[in-house]
Amino acid sequence: MTKTTKAILVRQNLRLVKQLYPALAQKDLRSLRDITRALRLSISRGEIVRIDGRWYVTHAGLLRIALRARCVGIRTVLQERHSDPHVGRWVFRATVYKSPGSRGFVGYGDADPSNVSPMVRGAEMRVAETRATNRALRKAYGIGLCSVEELGSHPFLAEPPNEKHVVPPSRNSSSNGQPKLRDKLCLLIRNYELDPTLVKRYAADFCGTETLREASRDLVEAFVSTISEEAANNRAALVCKLNSYN
């Protein structure tokens, strides 16, 4: 990447982050500028994200770094001795090979229902493999930023400020021990720093109802699944979509 191309990427990231976070402090903008220059990652492509006041690299960002550096390969192996499928606990070992003669850089990743978001319950095996891969990639290429996929579950407040009744309790009840839809959506809003009012408007439009309270549980469940994927794949694009409901 030339100096001109890098400068363009810096300007693009700063322009977009000012739209997403108008009140961002100058020190945070400087931090983003330094990260962009060092890692050459894009916010619009979902390669770096901001959660709870901190910058995180994503799996997509780490893979781009590896591709740019001509990584030879990545090998993942399930650690059967330390895994327990009966309780949903999985442990993986990942090895990143930077060159044909490389001995490899090793990283381990674990996941179980206690350290993953309720939004990905049931997918602990994939989460563990991704965490292992990310840790190996960060070690191989000297990435100081934690990856967002390595974050564990966040404690859910029963009634987060300004997020009450995003999904009506009557359509959100669960009797099988799984996280409630309202809990999932509120956690998603907080983790990805989304505007709860705009999320409600998007949800009503998605469900084809005047208000979310009128939507069936199946529609609400489909919406939660959809917005969860959109937030994980490209938060910037999701925020732009939400802003259209402003």
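In the hairpin of strand 1 and strand 2, 2 residues lie between the strands, and Asp52 takes a positive phi near 50°. The model is a predicted one. This briefing covers that hairpin, a pair of helices, an open sheet and the nonpolar core.

- Strand 1 (residues 48–51) and strand 2 (residues 54–57) run antiparallel and are joined by 4 bridges.
- Across this pairing, Arg50 stands opposite Trp55 in strand 2.
- Trp55 is also among the residues touched by Ile43, as is Ile48.

**Helix 1 and helix 2**

- Helix 1 (residues 3–20) and helix 2 (residues 26–39) have axes that come within 9 Å of each other and cross at roughly 145°.
- The crossing of these two helices is right-handed.
- From helix 1, the residues Lys6, Leu9, Val10, Asn13, Leu14, Val17 and Lys18 take part in the contact, meeting Leu29, Leu32, Arg33, Thr36 and Arg37 of helix 2.
- Sorted by class, the contact of helix 1 with helix 2 comprises 6 nonpolar, 2 polar and 4 charged residues.

- An open sheet is formed by 3 strands in the order 3-4-5, with antiparallel pairing.
- Strand 3 (73–78) and strand 5 (105–111) each have a single partner strand and stand at the edges, so one side of each has no neighbour in the sheet.
- On average, neighbouring strands of this sheet are turned by 20° against each other, direction ignored.
- Strand 3 pairs with strand 4 (residues 90–97) in the antiparallel sense over 6 bridges.
- Val77 stands opposite Arg93, a residue of strand 4.
- Strands of a sheet pair through backbone hydrogen bonds, in either a parallel or an antiparallel arrangement.
- Helix 4 (residues 124–141) lies across strand 3, strand 4 and strand 5, and runs at about 150° to strand 5.

**Nonpolar core**

- The largest nonpolar core contains 56 residues, and Ile43, Leu194 and Ile227 are those with the most contacts inside it.
- Helix 4 gives the most to this core, contributing 7 residues.
- Nonpolar side chains tend to be buried together in soluble globular proteins.
- Leaving aside residues up to four places away in sequence, Ile43 touches Asn13, Leu16, Val17, Leu20, Leu32, Ile48, Trp55, Asn234 and Ala236.
- Among these partners of Ile43 are Asn13, Val17 and Leu32, which also take part in the contact of helix 1 with helix 2.

Note on methods
Residues are numbered from 1 along each chain as its sequence is written. This is a predicted model: local features need pLDDT of at least 70, side-chain atom pairs count only at pLDDT 80 or more; totals for chains, interfaces and linings use all residues. Side-chain values use heavy atoms; hydrogens and water are left out. Axes are lines fitted to C-alpha atoms, for helices over the stretch in contact, and angles run from 0 to 180 degrees between N-to-C directions. A crossing is left-handed if the near helix is turned anticlockwise from the far one by less than a right angle, and right-handed if clockwise. Contact means heavy atoms within 4.5 Å. Ala, Val, Leu, Ile, Met, Phe, Trp, Tyr, Cys and Pro count as nonpolar, Asp, Glu, Lys and Arg as charged, and the others, Gly among them, as polar. Two strands pair if DSSP finds at least two bridges between them. A nonpolar core is a set of buried Ala, Val, Leu, Ile, Met, Phe, Trp, Tyr and Cys residues joined through side-chain atoms within 4.5 Å. Buried means under 20% relative accessible area, exposed over 50%, partly exposed in between (1.4 Å probe, protein chains only).
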